[in-house]
Amino acid sequence: MDMRSNNHQQQQQQVLDGSDIVELVENEKVFDKFVEKKFQQLDQDEDGKLSVKELQPAVADIGAALGLPAQGTSPDSDHIYSEVLNEFTHGSQEKVSKTEFKEVLSDILLGMAAGLKRDPIVILRMDGEDLSEFIHSPGYEAEIVSIYFSALSGCEEASLRDCIAKALQSLSVDHGMPPSNDPWVISNIVEPIVESCLDEEDKREKCVSQERFLEAFKRVVERVAQRLNEQPVIVAHSENTFDGSGIRRLLSNKFEFDKALNVALEIIPKDRHGKVSKEYLRAVLDTVEPSATLPPLGAVSQMDDMMREALKMVNGDDGKMVKEEEFKKTMAEILGSIMLQLEGSPISVSSNSVVHEPLTSATFLPAVPAEADEPSN
């Protein structure tokens, strides 16, 4: 894209780097009002305390803000939801006071802010201008021809409608296209526009020639750009590459590594000899992940597989009781194994999701932008 397009992109985006969250939490007066409002929303029986049931919406919102799939859809992400709930209840309490709620919420928000500082989220306003410029750029046809051969290979019997819908998935936010696999985008943009641009015979047409595909696809994309110009779409975009460097930094600093492990081990049960069960390796790994610049279990499937394999290599599920030093040594081996795999084959992750309303207290994030004297709803 040219300089003008890059300038337009910069004007249409906002970066969430966690600074608004830190500002919210550190402003005691504003944060007290924020907690008061959220607590009242959750306290359905108005008894001044939150039950486990009343905390569930808060846990679900925090999971959504962390980018986790919905509760109940993945064992790994469900494990994280359980950990968040345990943070509030300390694993045993049936009721949580407002003071306790505020303390835990503060810790969680500051943790989220640290994550955003490390991996900012870019809020993009997609208004069709970038997509329109791509359509009329010199490289447009060559790129779409490449998409035609790569995305549609082996789909000779697919209808023209299905071919276009699949090819649209090859366009990214860099092209000015909202994520076309997002359910909202599919039902509100892709399907209606494809339907309106093709007649019934076109929709059923198979064995589509390159020329025929290019003509129909351009018509659809031009209509998408027009639709975005009329009704812009807000997209939250994030990307990160896990290359093992965060683990190497942590393991090379014995003080920081011991500190991270000691914090995690404080809440892990021990027997009368001070030994720890290896079954808690996974829980401690969850706690240490932010310090090692790793995503939580359940957030990135490739990383989940790598972590499970590393735990399996040290028999992490055998329940054997070990001394604390041996437990720490095993944790270092797990992290070292993950580090070597990532150094040899880094994992790059990007995500795009349509934002239907401001990222506010509904997802336990302050307003974008945050108000100086009072958080938005």
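Q: Which exposed residues sit on the face of helix 3 turned away from its buried side?
A: Helices (H or I, at least four residues) and strands (E, at least two) are DSSP runs numbered from the N terminus. Buried means under 20% relative accessible area, exposed over 50%, and partly exposed in between (1.4 Å probe, protein chains only). On the face of helix 3 turned away from its buried side, the exposed residues are K29 and Q40.

Q: At which pLDDT do side-chain atom pairs count in this predicted model?
A: Residues are numbered from 1 along each chain as its sequence is written, and side-chain values use heavy atoms, with hydrogens and water left out. The model is predicted, totals for chains, interfaces and linings use all residues, local features need pLDDT of at least 70, and side-chain atom pairs count only at pLDDT 80 or more.

Q: Within what arc do the buried residues of helix 3 fall?
A: The buried residues of helix 3 are V30, F31, F34, V35, K38, F39 and L42. The arc is taken from the directions from the helix axis to the C-beta atoms. Seen down the axis, these residues line one face of helix 3, because they fall within an arc of 165°.

Q: How far apart are the end C-alpha atoms of helix 3?
A: The expected span of a helix is 1.5 Å times one less than its number of residues. Helix 3 has 15 residues (28-42), so it should span 21 Å. The model agrees with this, as the end C-alpha atoms are apart by 21 Å.

Q: With the side chain of which residue does the side chain of H175 make a polar contact?
A: H175 lies in the loop between helix 9 (160-168) and helix 10 (183-197), and counts as buried because its relative accessibility is 11%. A polar contact is a pair of N or O atoms within 3.5 Å; within protein, one must be able to donate a hydrogen and the other to accept it, and residues adjacent in sequence count only if both atoms are side-chain atoms. At 2.6 Å, the partner side chain is that of E143.

Q: Which residue meets K95 in a salt bridge of 2.7 Å, N to O?
A: A salt bridge is a side-chain nitrogen of Lys or Arg within 4 Å of a carboxyl oxygen of Asp or Glu, and the whole structure has twelve. This pair links distant parts of the chain, 48 residues apart: K95 is in strand 3 (residues 95-97), and its partner is in the loop between helix 3 and strand 2 (49-51). K95 is partly exposed at 31%. Its partner, at 2.7 Å, is D47.
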